[in-house]
Amino acid sequence: MLRFLKYFLIIFVCLVVLAVGAGAGVYYWAASGLPTIEKIADYSPSLTTTIYSHRNETLGYLSRENRFLRSQEQMTEDVRRAFMAAEDSGFYEHGAIDLMGILRAAIKNLRAGQIVQGGSTITQQVVKSLLLTPKRSYKRKLKEAILAYRLEKHLSKDEILTIYLNQIYLGEGAYGVEAAARVYFGKHADEITLAESALLAGLPKAPSQYNPYDNPEQARQRRKYVLRQMRNMNWISDWRFEKTKDAPLDLSERQDPTWRLAPDYVEQVRRWLLKEFGEKKVYQGGLKVYTAADLEHQKAAEEAVRSGLEASTKRRGWRGPLKHLSATSAEAFLEGQNASEQVKALRQGEWIKVLVNEVSKKGAKVRFANETAWMDVSSMAWCREINPEKAPENVPEVKNARKVLDEGDVVWASLAETSRKEQGRWRLLLQQRPKVQGALFSMDPESGKVRALIGGYDYDESEFNRAIQAMRQPGSAFKPIVYSAAFDEGMTPATQVLDAPIVYQDTATNSTWKPQNYERMNFGPTLLRTALVKSRNLVTIRVAREIGIDRVIQRARTLGLKGDFPRDLSVSLGSGSVSLRGMCRAYSAFARRDGSRVEPRFVLKVTGPRGEVLYESNKTVQEAISPQTSYIMAELMQQVVQYGTGWRVKRAIDRPVAGKTGTTDEQKDAWYMGYSPNLLAGVFVGFDDPRPMGKYETGSRAAAPIWIDYWKRVQSGYPVLDFQKPQGIVMARVDAENGLLAGPGTEESYMIPFKAGTQPQKVSPAKSEGSNTGSDGGDGSSHQDDRLKEIF
């Protein structure tokens, strides 16, 4: 017996040694090549970058994985308990591995004949998510267990649970509780209810299967399971369970504003971020980007540009229907529309596609989905045949709908004034989406903060940003740059220059350039003040010739304009190509009282996910022109508004504003640049392939109304300010005919600013005293006759 016992003990010891050895071998086999846990300890997941307006409104998101880092304190207690109830109810009681949980799962799986329950703890799930591949194998499970044990030696349970709640995938592209709360409920993680917490906690097991959008009934059942588990753990009362178990899902996704609220602005910020921080940091770094954007300005700018371009396309006439359908295709078209969605779109001010069903002289019956509507011929008055050589006021209005529409046509339509049916049908207006494009750039001239950026009619159709990327000729909007240089070269607003025909022969190309004024008229000796206010080309060319082409180009560069400027006199009429942003940068020197120019700023500050400041912008200014020249330009461009090509602005804006129109040959480009001391905005309108927009489609008609529309929407947010006169400026009333001081015989006069010492000294004589008014005096008189001869 003793002998048997001896042998038994020897065998037992050997088996123990073998078991220990085998266990050690398995351990070293599984532990070989294990990743370190520092990646988890220094948890830095891929996070969503958020872009904010200057009022901290969300403009958009940039990410590879939609995830927002949140601490447990930023989540409700129900959220934390719901996830533990669903995934690992004993998380705070057991170690890294729950042996009893594994046993229970094994028994259930054996009974079911398939895997119906896992035994992984939350710690193991964190390890699997961050350090291991999803491939199933015994070796991976062993690695998972070893790493889970090590992880709990380095991190607390609270820290591991926080990582889990931020890392877990919850469907619909949402990683972590915060992103999921936004995707499913339009809320933050600290705002969701018990029912919502339970629904989210039920998702990790099978995000697609329990997706409440796709499978609402399965989502309800899974939510009920989680709630039952919470009740069993005494984490919620029976009363809360009964109240919540059958609650409606009440889904409400938070709309992603990224390419909806301010797409051009967000894209410009995105490009800057990529250049500054690199792709990985931008799309995975969870940056918080604070911009200068103002959503009120952005909305106003968008609506102004869209309505302005829609008006522009109607002035050119009717391009025809979107398409023409046969009877069979027409029915298929209507069946493909949802009536409630179409009506909702109409009531929200959107356009819809409608099918023309019947046409008479007075209008057309149209259909969409199962709805009927009437389109009166009065909404087609603009539908003339396209002819760029004729302005709309020179063409009779369309009064017969049959000349515009045919049965089977598909066209755009909007709701008429009333939003109710009349006699069982809707009243709609015929619309046409513009092909002409436009842009608006708005900034604070004091700080350089860019308030609004519109790069085109519709970002979804074209991402090309015409405010930033397009290089177009500014036409007469460039003239203030020429005149500012002239005033620094000894000329004054009262200097007279001859407005008369001029011809240039290019011997190299054997071509002739014969510039003209827009009016196709000549006005003789003209004050520079009047030449700028009335935008006279011939005077401007002579001024540029007097001061030199290089001086004009140098001034443009000093004001921050970039681009190629031709070294000929056409540069004075804006033949060089520039961007709208560049023009706003240049005009900031006219709006700022010290004459410096300010760099436009989009991004004000960038912080990391934990609040550390990574970038902070400061106002960047550079000397450009003197305060005196700046004020003279501002005063003269106010007179452009009051008496010149900016007359539309005068009618609409009742506060001091300065501005200048710009139009290129054949009306291919239309500009309006306007500003006050506290806001500066520029507008550009033109086809992407430069071609005539039509007769009279000038800066005054095509661009200025957009500027006015935008300005009227935002001006209430600014106090009424006048341009402050600096030292070294004197005001003098001069005779409009000769530039001398106004006298008893003066019929028309202007109040004009001068640099001290350059104002006229001689009083304009009475008409009976003779017409030789330029024999002596200040700059407006003594050199006047010589300059006329020299420049001509």
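Where is the place of aspartate 250? The views below take up this residue and others in a predicted model.

**View 1. Aspartate 250, a non-glycine residue with a positive phi.** Aspartate 250 sits in the loop between α11 (238-244) and α12 (263-277). Its phi is about 55°. Relative accessibility is 57%, so aspartate 250 counts as exposed.

**View 2. Arginine 520, with a positive phi although it is not a glycine.** Phi of arginine 520 is about 60°. The residue belongs to the loop between β16 (511-513) and β17 (524-527). Arginine 520 counts as exposed because its relative accessibility is 57%.

**View 3. The phenylalanine 478 and phenylalanine 565 rings, a tilted pair.** The structure holds 23 aromatic pairs. In this one, the ring centres of phenylalanine 478 and phenylalanine 565 lie 6.1 Å apart. The planes meet at 35°, so the pair is tilted. Planes under 30 degrees apart would count as stacked.

**View 4. Tyrosine 675 and phenylalanine 723, an edge-to-face pair.** The ring centres of tyrosine 675 and phenylalanine 723 are 5.6 Å apart. Their planes stand at 85°, which means an edge-to-face pair. This pair also links distant parts of the chain, 48 residues apart. Tyrosine 675 is in strand β23 (residues 670-676). Phenylalanine 723 is in the loop between α24 (699-714) and β25 (729-735). Tyrosine 675 and phenylalanine 723 are buried. The two residues belong to one aromatic cluster, formed by Tyr587, Phe590, Tyr675 and Phe723.

**View 5. Arginine 64 over tyrosine 283, and arginine 182 over phenylalanine 68.** The charged end of arginine 64 sits over the tyrosine 283 ring, 4.1 Å from its centre. Arginine 182 lies over the face of phenylalanine 68. Here the distance to the ring centre is 3.7 Å.

**View 6. Helices α14 and α24, packed with a right-handed crossing.** Two packed helices are described by the angle between their axes and the distance between the axes. For α14 (residues 295-316) and α24, the angle is about 150° and the axes are 8 Å apart. Angles over 145 degrees count as roughly antiparallel. The two helices, α14 and α24, are therefore roughly antiparallel to each other. Their crossing is right-handed.

**View 7. Proline 692, in the loop between β24 (679-686) and α24.** Proline 692 has a relative accessible area of 33% and is therefore partly exposed. How many residues apart in sequence are proline 692 and threonine 664? They are 28 residues apart. In space, C-alpha to C-alpha, proline 692 and threonine 664 are 9.5 Å apart.

Definitions and conventions
Residues are numbered from 1 along each chain as its sequence is written. This is a predicted model: local features need pLDDT of at least 70, side-chain atom pairs count only at pLDDT 80 or more; totals for chains, interfaces and linings use all residues. Side-chain values use heavy atoms; hydrogens and water are left out. Helices (H or I, at least four residues) and strands (E, at least two) are DSSP runs, numbered from the N terminus. Buried means under 20% relative accessible area, exposed over 50%, partly exposed in between (1.4 Å probe, protein chains only). Rings of Phe, Tyr and Trp (its six-membered ring) pair if their centres lie within 6.5 Å; planes under 30 degrees apart count as stacked, over 60 as edge-to-face and the rest as tilted. A charge sits over a ring if NZ of Lys or CZ of Arg is within 6 Å of the ring centre and within 35 degrees of the ring normal. Axes are lines fitted to C-alpha atoms, for helices over the stretch in contact, and angles run from 0 to 180 degrees between N-to-C directions. Angles under 35 degrees count as roughly parallel, over 145 as roughly antiparallel, 65 to 115 as roughly perpendicular and the rest as oblique. A crossing is left-handed if the near helix is turned anticlockwise from the far one by less than a right angle, and right-handed if clockwise.
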